[in-house]
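Hi,

Here is the structure I promised to pass on. Have a look at it first, and then read my notes below.

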Amino acid sequence: MMKIDEKPTRKDPHKSPISPRKRRWLIITLVIVLVVGGILYSLADRYLIRHVQVVVADENTATATTNNAIDSTNTSTTATEVNTTSDDWNYSSDDMKVSIEKVQTGSGSDQITYYVADVQLTDASSLRTALADNSFGTNITENTSEIAAANNAIFAINGDYYGFRDDGVIIRNGTLYRDRPTRDALALFNDGTMKTYNENEISSSELLAEGATDTLSFGPILIQDGEIVSDFSSVKIDNNFGNRSIQDANPRTAIGMIAPNHYVFVVVDGRQDNSRGMTLAELADVMKGLGATGAYNLDGGGSSTMYFMGRVVNNPLGRNQERGVSDILYLTEGQGS
């Protein structure tokens, strides 16, 4: 029992109830939470959060209607307005001819399935590029088929996925959007030719003066001046988080030119039972065998997609599931058609 003359002990209001050791651990925990949170936000900002820099006004998208969209349910159609005929693997009009072939080589674990599109144009303006959601920026994606349908595309492949990185020289449909020279690139010109080049050696102003309509910044160059580039062992596109080795057998997308206004597009399936994908050397050999005098590797892996007449031709990701991309290359009838 407390004695009458004793007073109860009172806590000092200025004395912290937290021991120095606990206080130290609380500070350390708070710092860790802030650091991890900052890292997670930086990663989300870099790879997930949409950043729209320019909204593009595209006349082809603006005039898209149901009436002029391609009906993928018809295996053979005739449109007298533009004098076209088509089936599941071919398209012919006054302005272009597209012929697609499915090729399979090897067997078992060494089997490769790829698709070759031979394209002949009378008007270079039929080959165009389009951006996901009609916007230029980073982390803006749509499926290749969605971008293609929005632009009345007859044929399309995925582009260079420019939005996954913040460098390179990016010209699209005659407009310069980004000018940070970094790697070997591809330029398409208004005379129906294409040229592979080093971004650090030719300026964007020179390209535009020469009539460049589009540039693609991925790589590597597969064929230049009719010859296969000899060494792919040290190819490096960028150091972005999550990249796979580009030297191994992978799904691939490539563009090549046989002659002015005569192109060949190749999309290779990979990472699946009936197709292991291709190495860069194998892809270069294929392009050379098709007669390409110049050829360039575009974004591959899960992005590799070929679209034709309202349907996806290949098997993206090995499960017929497209991965969103930032841009496409596509064919459409000219404005005068």
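**What I found**

Of the 337 residues in the protein, 47% are buried (buried means under 20% relative accessible area, exposed over 50%, and partly exposed in between, with a 1.4 Å probe and protein chains only). Before you go further: this is a predicted model, where local features need pLDDT of at least 70 and side-chain atom pairs count only at pLDDT 80 or more, while totals for chains, interfaces and linings use all residues. Residues are numbered from 1 along each chain as its sequence is written, and side-chain values use heavy atoms, with hydrogens and water left out.

**The overall picture**

The protein has five helices and 22 strands (both are DSSP runs numbered from the N terminus, helices being H or I with at least four residues and strands E with at least two). It exposes about 17,200 Å², and carbon and sulfur atoms supply 52% of that (areas come from the Shrake-Rupley method with a 1.4 Å probe; for residues, only the protein chains shown count as cover). If you take the contacts between residues at least 6 apart in sequence, 70% of them join residues at least 24 apart (contact means heavy atoms within 4.5 Å).

Five bridges link β12 (residues 184-189) to β13 in the antiparallel sense. To find the pairing on screen, look for leucine 186, whose bridge partner in β13 is threonine 196.

The other sheet has five strands in the order β7-β22-β9-β20-β21, and it is also open, with antiparallel pairing. β7 (127-131) and β21 (311-312) stand at its edges with a single partner strand each, so one side of each is left without a neighbour in the sheet. Strands β9 (residues 155-158) and β22 (residues 327-331) run antiparallel and are joined by four bridges. In this pairing, phenylalanine 155 is opposite leucine 331 of β22.

Helix α5 covers residues 280-289, and its buried residues are Leu280, Leu283, Ala284, Val286 and Met287. They are on the same side of α5, because the arc they cover around the axis is only 160 degrees (the arc is that of the directions from the helix axis to the C-beta atoms). As background, an α-helix has 3.6 residues a turn, so residues three or four places apart point the same way. The buried residues of α5 pack against β6 (112-121), β15 (221-224), β16 (227-228), β17 (252-259), β18 and β19 (294-297). Just after the helix, glycine 291 has a positive phi of about 95 degrees.

Leaving aside residues up to four places away in sequence, valine 268 touches residues including Tyr114, Pro251, Met278, Leu283 and Ser304. Serine 304 is 36 residues from valine 268 along the chain, yet their C-alpha atoms are separated by 7.2 Å.

Most residues other than glycine have a negative phi, and most peptide bonds are trans. Here are some exceptions:

- Glycine 219 and proline 220 are joined by a cis peptide bond, with omega about 10 degrees; proline 220 sits in the loop between β14 and β15.
- Aspartate 133 has a positive phi near 55 degrees. It is in the loop between β7 and β8 (135-138) and is partly exposed, at 37% relative accessible area.
- Aspartate 225 has a positive phi of about 55 degrees. It is found in the loop between β15 and β16 and counts as exposed, at 74% relative accessibility.

Cheers

Terms used:
Two strands pair if DSSP finds at least two bridges between them.
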